[in-house]
Amino acid sequence: MNRRYSPGVTVRTVVVLIVLGIVVLPLYWMFVTATTRKADMFGDTAQWWPDLTHLDAFQNVLSNGQVPIWIFNSLLVATGTTLISVMLAVPLGYALSRYKFRGRGSVQLLLLLTQMLPEALLVIPIFAIFKSLGLLNSQLGLILIDAALVLPIVALIIKGAIDGIPIEIEEAARTDGANPFRILWGIILPLIGPTVAAGAVIAFFSGWNEYLFAVTFTIDASVQPASVGLAGFIGELTTPLDSVMAVALMYTLPAIAFYFFTQRYVVAGVTAGGVKG
Amino acid sequence: MTSTKPVQRRPRRGPLGARWVPYVFLAPAIAYVLLFQVVPLFQQMWISFTDAKLINPGAGRFIGFDNYVRIFTDEGFQRTLLITLIYVVVCVFGAVGIGLLVSLLLNGSFPGRAIARSLVTIPWAAPGVAIALIVSWMLNGQYGLFTRILGFFGIVVPPGGLLNDASTALPTILTITLWQLFPFSAIVLLSALQSVPQELVEATRMDGGGPLWVFRSATWPVIRPTVGLLLVLNAIWAIRRFELIWLLTRGGPVGSTRTLVIDLYSRGFESNDLGRAAAVGMVGLVISLLFVAGSSFVGRTPRRKEAVR
C-alpha cells in the first residue's frame, strides 16, 4: 500500500494549514497591528506583514502609567483566585475520590448545577451582597467571586487525578499510623503535583480573563484589571492602535502559552466531570 | 472509579479514618460554593418577585408574578428567546460538527502533527476580551482586514461594518463564536479517537470500505458517547455566553443579537430594573435545567467516559 506517501497526505497537509491559518489569524493580526505605523494603518491598502523596525509600541505601553496598574491588578486577582480555589479544591477532590459518605451524590449534583448558572445571573445578587459588605470596587471582591466560579472544575480535575492513584499506598501509610490529613499532604499531594499545577493554571487564567464581574463591580481605574482596561478600547480609534494591540498581545500570550502545557489535564478533567474549563 | 467501601466489621471507621473525615475535607469548599453560588441563586429567585432597583437592591417590594407576566407579554422578549434558540442551536451543532471534522483531520498522519494539535487550542485559550478587541478592529467598516478582503472579492460591507447591520450582526457573532468554541470539541474528540481500534479500521478498509463506511462502522460507535457529552456541554455553555456579544454589539443593532443573558444584564445594569432582570435569569436557568434533564433522560450520556489516564 502506498497510503503513507499518497497525494492524500499532501491534501491533508494543505487543509490543515488552512485551518491553522484561520485559527492563528486574529493573533497574527494583533501582532501586525502592534507593529504598524499609524500612517500605514489607515491607508488604502493593508500592511500585511509585521514591521519589525517599529516595535516602539511595546516600549511605550510599559512606560504608560495605567498599563502596569492594569497588569498588576490582573496578576493580583488571578493569584488570589488561584490560591483560594486550589486550597479549597484539593481537599474537596480528595473527599470525592476516596470516601463514600452520605450526601456524596448531592455534592456532585451541586457541582454540576454550578456549571449551569450563567455569570450574568449571579452578578445581580452578588452585586447586592458585595454592596452591603463594602466589597464593590475592590480586587478582593473579584478574587472571592472568581475563586467560587472556578472551584468546581479545579476540584473535579483533582478528583480525577486522585482516582488514578492506587489506594494501597494510603492504606499502608494508615497502618503506620498517619492521619488522613498527613496522608493527603505528605503522600497524595506530591503524587498529583502536575494535575494541581494544571488546576492552578486554569484558576489563574479564569481570574486573569474574567470580565463580567470586573466591569460591573469596579469603578476606579486604580482597581480595574486589564480585561476591563482593554475592553474600553473596543471600537474606538482615537488611542494609537499599535499601543492597544501591544497591550492586548501581552495580555493574551501568557494565557495561550500556559494552556499549551495544560490542555491535556483540562480535557481530561472537563470530560470526567462534565464541567467547563 | 476507585472509592473505598466501608469496612464491615468496624462500621464507624472507613479505611481512611472516622466517618466525619470526608466532611472536614469538603466542608470549606462546599460552604464557599453555597455562599457564592447557591445563596445568590435563591436571592435571585426572591428578587425576581420584587420591584428591586439597582440603586437599592435590597429594598424591593414583593409584587408576585408581575415581572414574569410582563416579560412573557413583551414582544422584545419573545424575539430574545428566538434569537437565543438560534444562537444555541448554531453554537452546539456548529462547534461539535466543526470540532469533529477538525479532529478527524488532525488524527491522520501529516508532518508537524504535534504542533498543529497545540496551535488549534489558541481560540479556546485566548482571553475573550482580547479576541473581541482584535476582531472589532478586523471588522472595522473602513480599514478592517475582513472589510478589505471582502472588498477585494467585490463584496461591499455595510458602512458601519458587519456588526453594525441588523441582518449581518448575528451571523458575524456566530462565526466568531464558532471559531472560539470548536477547538474544545476538536481536542476532546481527538483524545476519544485514540481509543478507536486500529485493527477494526484496517479490517474495514481491507473489505473495501470507503472512508465514510470506515467512519460509520468503526469510528462512530466509539466516539458517540463523547459527541453526546459535547453536545450537552456546549448547550449549557452557549446559553451562558455573554462576553463576546456584549463587547461587540451590546445586543444590537436593534436587538438583533440580544440573547437571554444580554437581555438579563441590560435590564439589570442599563435599565436598572433588577426585578425584571432576575425574572429573565430564572427563565434562562429553567430552560437550561429542562434541557439537561431532558438530554440525560433521552441520551443517557455516560458522564464519566474519559477518566484521567
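# Reading salt bridges, loops and an interface

Student: In what kind of interaction do the side chains of Arg205(B) and Glu202(B) meet?

Tutor: The general idea is a distance rule: a salt bridge is a side-chain nitrogen of Lys or Arg within 4 Å of a carboxyl oxygen of Asp or Glu. The side chains of Arg205(B) and Glu202(B) meet in such a salt bridge, at 3.6 Å from N to O. The structure is a predicted model, in which local features need pLDDT of at least 70 and side-chain atom pairs count only at pLDDT 80 or more, while totals for chains, interfaces and linings use all residues. Residues are numbered from 1 along each chain as its sequence is written, chains are lettered from A and ligands numbered from 1 in the order in which they are written, and side-chain values use heavy atoms, with hydrogens and water left out.

Student: Where do Arg205(B) and Glu202(B) lie?

Tutor: Helices (H or I, at least four residues) and strands (E, at least two) are DSSP runs, numbered from the N terminus. Arg205(B) and Glu202(B) are both in helix H9 (residues 198–206) of chain B, three residues apart, or about one turn of the helix.

Student: Is Arg205(B) buried or exposed, or in between?

Tutor: The classes rest on relative accessible area: buried is under 20%, exposed is over 50%, and partly exposed is in between (1.4 Å probe, protein chains only). Arg205(B) is partly exposed because its relative accessibility is 36%. Glu202(B) falls in the class of partly exposed residues at 32%.

Student: Which salt bridge links distant parts of a chain?

Tutor: Glu170(A) forms a salt bridge with Arg98(A), with the closest N and O atoms 2.7 Å apart. This pair joins helix H8 (residues 168–175) of chain A, which holds Glu170(A), to helix H4 (residues 66–98) of chain A, which holds Arg98(A); the two residues are 72 residues apart. Glu170(A) counts as buried because its relative accessibility is 0%, and Arg98(A) is buried with a relative accessible area of 0%.

Student: How many residues separate Lys159(A) and Asp163(A)?

Tutor: They are four residues apart in helix H7 of chain A, about one turn of the helix. Lys159(A) is buried at 4%, and Asp163(A) counts as buried at 14% relative accessibility.

Student: How many salt bridges are found over all chains?

Tutor: A search of the whole structure finds twelve. Asp74(B), Arg258(B), Asp263(B) and Arg267(B) are linked in a network of salt bridges.

Student: How is the interface of chain A and chain B to be read?

Tutor: One begins with contacts, meaning heavy atoms within 4.5 Å. In this model, 109 residues of chain A are in contact with 100 residues of chain B. Buried area is the accessible area (1.4 Å probe) that two parts lose on being put together, summed over both. Between chain A and chain B this comes to about 9,800 Å², with carbon and sulfur atoms giving 75%. The rule finds one salt bridge across the interface: Glu119(A) with Arg240(B), where the closest N and O atoms are 2.9 Å apart.

Student: What describes chain A as a whole?

Tutor: Chain A has 13 helices and zero strands, and its C-alpha trace spans about 75 × 70 × 30 Å along its principal axes. Of its 277 residues, 57% are buried. Among contacts between residues at least 6 apart in sequence, 72% join residues at least 24 apart.

Student: Which backbone features in the loops deserve attention?

Tutor: The peptide bond from Gly252(B) to Pro253(B) is cis, with omega near -15°, and Pro253(B) is found in the loop between helix H11 (243–248) and helix H12 (260–269) of chain B. Asn137(A), a residue other than glycine, has a positive phi near 60°. Asn137(A) sits in the loop between helix H6 (119–133) and helix H7 (139–163) of chain A, and is partly exposed at 22% relative accessible area. In chain B, Asn272(B) has a positive phi near 60° and lies in the loop between H12 and helix H13 (274–299). Asn272(B) is partly exposed, with a relative accessible area of 29%.
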